[in-house]
Amino acid sequence: SKLYNDYDGIEHDYTRKHGLAHQEIMLPTNAPTEWSDREKLWNAVEEAEKTKDSRLAREFVAALPIEMSQDEWIDLLADNRDNFISEGMCADFAIHDTDGHNPHAHIILTVRPLNENGKWQHKTEKEYLCKRNGEEKGFTAAEFKSAQKSGWEKQYQYKVGRKKYT
């Protein structure tokens, strides 16, 4: 396939690649349907980023058993779809088998997950380790305000002179 990158205006040509057995885009139910087009998905991912050196995706390469058929490989990857899609990530995967001896899948995932409204979320979320009455519990940044009202306190390590406190 050929993909045009809106960000830099370059067309990436993958038509000469050999051994492509199958390719597919897996989207969460709340993702826009037009993202089933690879070019539109990755241009949307690029558009969501604010800095020029942002990480756009994660790639996994999975070896596939040669004893299985191509349909079984596809089913195997589809069975694992919930590992990614349930977390709000979009998955772009391609199965390659050039010579029949090295079947493998390239799975490319978006770094930013989608929320229930189909909007990109933050890549990471801060979590604070808090303490109350000797009990420890983690809270996300969004949950921390209400937890603080309930008596939970952040645990920080800090130094006074040479002595370390938590």
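This is a predicted model: local features need pLDDT of at least 70, side-chain atom pairs count only at pLDDT 80 or more; totals for chains, interfaces and linings use all residues.

Analyst: **Starting from a charged pair**

Let's begin with R38 and D92, whose side chains meet in a salt bridge at 2.5 Å, N to O (the term asks for a side-chain nitrogen of Lys or Arg within 4 Å of a carboxyl oxygen of Asp or Glu). R38 sits in helix α1 and D92 in strand β5, residues 91–96, so the pair ties together parts that are 54 residues apart in sequence.

Residues are numbered from 1 along each chain as its sequence is written, and side-chain values use heavy atoms, with hydrogens and water left out.

Back to our pair. R38 counts as buried at 14% relative accessibility, and D92 is buried too, at 7%. (Buried means under 20% relative accessible area, exposed over 50%, partly exposed in between, using a 1.4 Å probe and protein chains only.)

A search of the whole structure turns up two salt bridges. Besides R38 and D92, R112 and E49 join their side chains in one, at 2.8 Å, N to O. This pair also links distant parts of the chain: R112 is in the loop between β6 and β7, E49 in the loop between α1 and β4, and they are 63 residues apart. Both R112 and E49 are buried.

Now for the rings. There are three aromatic pairs, counting rings of Phe, Tyr and Trp (its six-membered ring) with centres within 6.5 Å; planes under 30 degrees apart are stacked, over 60 edge-to-face, and the rest tilted. Among them, W35 and W120 are stacked, 5.0 Å centre to centre with 15° between the planes. They connect distant stretches: W35 belongs to the loop between β3 (20–26) and α1 (38–48), W120 to the loop between β6 (104–110) and β7, 85 residues apart. F60 and F84 have ring centres 6.4 Å apart and planes at 20°, so they are stacked as well. Since F60 lies in strand β4 (residues 57–63) and F84 in helix α3 (residues 81–85), this pair ties together parts 24 residues apart in sequence.

Next stop, L77 in helix α2, residues 70–79. L77 is buried, with 9% relative accessibility. Contact means heavy atoms within 4.5 Å; setting aside neighbours within four places in sequence, L77 touches M26, F93, I95, A105 and I107.

Finally, look for an open sheet of three strands, ordered β8-β7-β9 with antiparallel pairing (two strands pair if DSSP finds at least two bridges between them). β8 (135–140) and β9 (153–154) are at the edges with a single partner strand each, so one side of each has no neighbour in the sheet. Two bridges join β7, residues 127–132, to β9, and K131 stands opposite E153 in β9.

Technical notes. Helices (H or I, at least four residues) and strands (E, at least two) are DSSP runs, numbered from the N terminus.
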